[in-house]
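Hi,

Here is the structure I promised to pass on. Have a look at it first, and then read my notes below.

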Amino acid sequence: MTARAPARATAEHTGTDPGEPSTAEIVVRGVTKTFTRRGGADVPAVDDLDLDIGHGEFLVLLGPSGCGKTTLLRCLAGLETPSRGEITIGGRAVFRAGRGARVDVAPEARPVSMMFQSYALWPHMTALANVAYPLENRRGGRREARAAADRALALVGVPELAEQYPGQMSGGQQQRIALARALVAGQDVVLFDEPLSNVDAKVRDQLRFELLALQRRLGFTAVYVTHDQHEAMSLATRIAVLHAGRIEQLGTPEEIYNRPASGYVARFVGVSNELTGQALDPTTVQTDIGEVTARVPTALVGHPVLLASRPERWRIVTGTPDEPNTWPATVDLAVFVGSRSEYMLGVGDGTRLAVWDSGATSHTTGSRCRVTIDPADVRVLPVDEGADEGSSWS
Amino acid sequence: MVVTARPATPPATPAVPPARRGLFGPGSALLVTAVVALVLGPPMVMVAGLGSGVGQAVSAAVALPGLGTMLLNTVIALVISTGCAVVLGCLFAWLDERTDAHLGWVSRILPVVPLLVPPIAGAIGWALLASPNAGFLNGAIRAAAGLVGIEITSGPLDVFSWPGLVFVYTLYLVPHVYLTVAAALRNLDPAMEEAARVGGAGPARVLRTVTLPSVRPAILGGALLAGVFGLALYSVPVILGTQARIEVLAVTVVRLLTAEFPPRTDVAIVLGLVLFLAVTALYLAQVAVLRRSRFATISGRAARGTRLRLGRWRAPSRALLLGYLLVTAVLPFLGLLVVSLQPFWSANIRFSALQLDAFSEVLVGRRLTRDALVNSVLLGLVAATAAVLGAAVIAYAARTYLRGTLRTLVNGITKLPGTMSHIVVALAFVAALAGPPFGLAGTVMLLFLAYVVLYLPQASVSAESALAQVGDPLAEASRVCGAPPGRTFRRVVLPLMTPGLAAGWALVFVLVSGDITASVMLAGTTNPVVGSVTLDLWTNGTYPQLAALSVVVTAVSAAVVLVSMRLTRGGGRAPSRRRG
């Protein structure tokens, strides 16, 4: 019924150019939020951040706890007041501090709605009253509000819960009520603060697909906070990976996974094998396990670099094919996890590699083999402070 | 099919609707201003009122006959009774939290004993029980001694003495120590003690080397809290100390203002400031100690350990716990009840002469007591409602609109009257509002304002904890759903705070309707309240009516406290009942 731009249409939109006026649904410019730690030191939770979110886009803010993703979301909702910067939603400034007249629109006057991590359903109201509440506030008309709330409950698949209190419901049911409440007023922007983190895995998968279908159908702009990379990959049109209050990388899920911009992103999204070394020339990196062939960006030639690679890109081979990037290895650990076999291999003098193979477990612990990777699957990155932790294994 | 009321085509530029500016913001700002003025204004006016006469007032205070003795009395009474209260309070807390002498209901009743039987009723009750000649306990002891051939004509107990005074002080200080120490023990991981037991230490050694040292900050904090309460306690020393010729600071201040003519207000203010400084010092020490204790005794989630089996000590331990409740609540109340049913007070109870004359006189016949009861109950209802609702609005407004230092300051000011003694607050109201330009002397309005200020800390503490239990996300969700602060407060926050506020309301009602310290200074014949009339009756020696009045007040207090405890526990269960 609503004519909206297809969600993917704005996915290419990456304009975070502070100088240019933007036509995006949500524009964040230079937003900084500092908290004062006990003892007086100011700690930036969000640090001079720019971000454009297109109309109908599903943007996921991804990062570990403390990276600033929830603070940024709460700044959009008006629940936190940034220290400085500017936030525009739907073409209207809702917050501005630092230059020009100060603007700080109250949460209730912003054209957004929000789904909370704890659901935040009011225990003294029925499901119907909870869902009708935003309409009563925004338009009045109790009867119409109740009718619309009834339809919203049907939309999220729980019309039978209308007269129940939150205390009588399961976690999954409460989440559906919270979702209905976030969608009922038809706001153009819906904010999600880790809304799926409190239910078990099966319910979470189900709700995730329903949420995605609803967003595509209703066409609202979604900003979604999570620390779960799997959730982020399956929901997002674009992912913003946050680190220490800044955007480390902004891109489609494929870009984030296959072309991580830093060791931090590579480590946080998926499992990453990491090797440190010295880039000798545009195709060679000298490491502990010998020379690795990879495409080295020009700027990194002659510098220490970090090599990141995905476990599923490695292959265990038998025989002695004379390919580049092949090393003899020892199987330190072999685990069959259902959809694949996971190996921990020892290469060279103490280097460990995680290698995933989609077949059955065909190599036993202690056996010897050879391991190889296509040079195109080795990502050459600048060294960052997390690099010394070595490869991760999950 | 899209079911929401979304327009078919999105507007070109989604307009942010102008924020609806409700009256809640300005209203709460006005309320905060009024409260700050009421809390800080009178003491400032009082101190400023001394003005140039301050030197004269101080020298008059120093020249008071018996000043040194009075101050020494105050120190002795407080140090000894606080010491006794610490020993008993710790023992009770340990028995109830850590041993199989534990009785579930005792741990709920013990902290509220001073509310069930207000100190004035307890003090009068003990006067009736243990005065040398007509005391019931003395009568019983003499009768028992007579049976074995020992003739005693007077005594042997005398509550109008140092031991008597310290005894009743101690009874009312114990709950303060118990409350803090029991809370600390509840948060102390029993595994620490179990580790000591496994390490080969006996129960007594564990208590001495592990348990008590772990809760030492709480013990010190409880002792200081008891000291603050004891220093400001007026009812017990005025009933028991006056007859024993032991005067303490609180009694002297009130006497200078009410019993001397013309009232020596300036001298009373100087002594009131001494009291204020002493209470403030103790209070600050307590805050400092408890703040440090947070770092000293934190354990994560308290796990329930096995209770220590006391064996043959279990029965005597329980008897001790029950004995405390007996001498603090049950016996004084029985003493009051018996006298209220007799034509006059005598050590020999005449069961043939039981009558309700005193009750009908107090409730119906005598105008003064009748008016006092009506005033006290009405003031209790109105002041409790005003204080609790006001505190709820202030707590929510402070959290919504204020940040950092300003929020701390506003929340701190609502607690400030708790750090002044009641006597000082009442004194300040006399100095600032009784005379011109306000001329509130002898009015119910003066009492109302004083009560609201006096018991604002209790209302504010319960409002803040009720608000904390509601939690931020529920209010934030309402804001994001388009409800401005006032509407959020009315529709979401206030309904959810109700159980906590109800408990706070009951507490303030009981404290106001049974108040004596402020009442004795602010009430007169035109605005009598229970507290002031009780003391009048005591002074005049009309014991049956005095006892009847105390019985009525105690019964009302106890009923309100017990019902509210019941409701609060029920309130906590309400959602699960719905769940059922």
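To start with one residue: is A:Leu72 buried or exposed? A:Leu72 is buried, with a relative accessible area of 1%. Before I go on, please keep in mind that this is a predicted model.

A:Leu72 sits in helix H1 of chain A, which runs over residues 69–77. If you skip the neighbours within four places in sequence, A:Leu72 is in contact with A:Val28, A:Val46, A:Leu49, A:Leu51, A:Leu61 and A:Leu242. Another residue to look up is A:Val225: A:Leu72 and A:Val225 are 153 residues apart in sequence, while their C-alpha atoms are 9.3 Å apart in space.

Now chain A as a whole. Chain A has eight helices and 21 strands, and its C-alpha trace spans about 75 × 50 × 50 Å along the principal axes. Of the 394 residues in chain A, 55% are buried. Take the contacts in chain A with a separation of 6 or more: 65% of them come from residues 24 or more positions apart.

One is the loop between strand S7 (112–115) and helix H2 (127–139), where you will find A:Ala120. A:Ala120 is not a glycine, but its phi is positive, at about 55°. With 2% relative accessibility, A:Ala120 counts as buried.

A:Leu121 is in the loop between S7 and H2 too, and at 8% relative accessibility it counts as buried. What does A:Leu121 touch, leaving aside its neighbours within four places in sequence? Its contacts are A:Asn130, A:Pro166, A:Gln174, A:Ile177, A:Ala178, A:Arg181 and, in chain B, B:Leu474. A:Leu121 and A:Val131 are ten residues apart in sequence and 9.2 Å apart from C-alpha to C-alpha.

The other loop lies between strand S8 (189–193) and helix H5 (201–218), and A:Glu194 is found there. A:Glu194 has a positive phi of about 40° although it is not a glycine. It counts as buried, with a relative accessibility of 8%.

On to chain B, where I looked at helices and how they pack. Two packed helices are described by the angle between their axes and the distance between the axes.

Take helix H6 (residues 119–130) and helix H24 (residues 530–540) of chain B: their axes come within 11 Å and cross at roughly 15°. That angle is under 35 degrees, so H6(B) is roughly parallel to H24(B). The crossing of H6(B) with H24(B) is left-handed. Which residues meet here? On the H6(B) side they are B:Ile120, B:Ile124 and B:Ala127, and on the H24(B) side B:Thr534, B:Leu535 and B:Trp538. Sorted by class, this contact has five nonpolar residues, one polar and no charged ones.

B:Thr534, in helix H24 of chain B, is worth a click. B:Thr534 is buried, with a relative accessible area of 3%. Not counting residues up to four places away in sequence, B:Thr534 touches B:Ile120 and B:Ile124, along with B:Leu546, B:Leu549 and B:Ser550.

The next pair in chain B is helix H3 (residues 67–98) with helix H8 (residues 162–187), whose axes come within 5 Å and cross at roughly 40°. That makes H3(B) oblique to H8(B), and the crossing is right-handed. By class, the contact of H3(B) with H8(B) has 21 nonpolar, five polar and four charged residues.

Helix H11 (residues 216–232) has 17 residues and reaches 25 Å from its first C-alpha to its last, close to the 24 Å expected at 1.5 Å a residue. Since 13 of its 17 residues are buried, H11(B) is largely enclosed by the rest of the structure.

How many of the 13 residues of helix H19 (residues 422–434) of chain B are buried? Ten of them are, and H19(B) is mostly covered. The buried residues of H19(B) include B:Ile423, B:Val424, B:Leu427, B:Phe429 and B:Leu433, and several alanines are among them too, such as B:Ala426 and B:Ala432.

Over to you now, and happy browsing!

How values were computed:
Residues numbered from 1 in each chain as written. Chains lettered and ligands numbered in written order. Predicted model: local features only at pLDDT ≥ 70, side-chain atom pairs only at ≥ 80, totals over all residues. Heavy atoms only, no water. Axes fitted to C-alpha atoms, helices over the stretch in contact; angles between N-to-C directions. Helix = DSSP H or I, 4+ residues; strand = E, 2+ residues; numbered from the N terminus. Parallel < 35°, antiparallel > 145°, perpendicular 65-115°, else oblique. Left-handed = near helix turned anticlockwise from the far one by under 90°. Contact = heavy atoms within 4.5 Å. Nonpolar A, V, L, I, M, F, W, Y, C, P; charged D, E, K, R; others polar. Buried < 20%, exposed > 50% of the residue type's maximum accessible area, 1.4 Å probe, protein only. Expected span 1.5 Å × (residues − 1).
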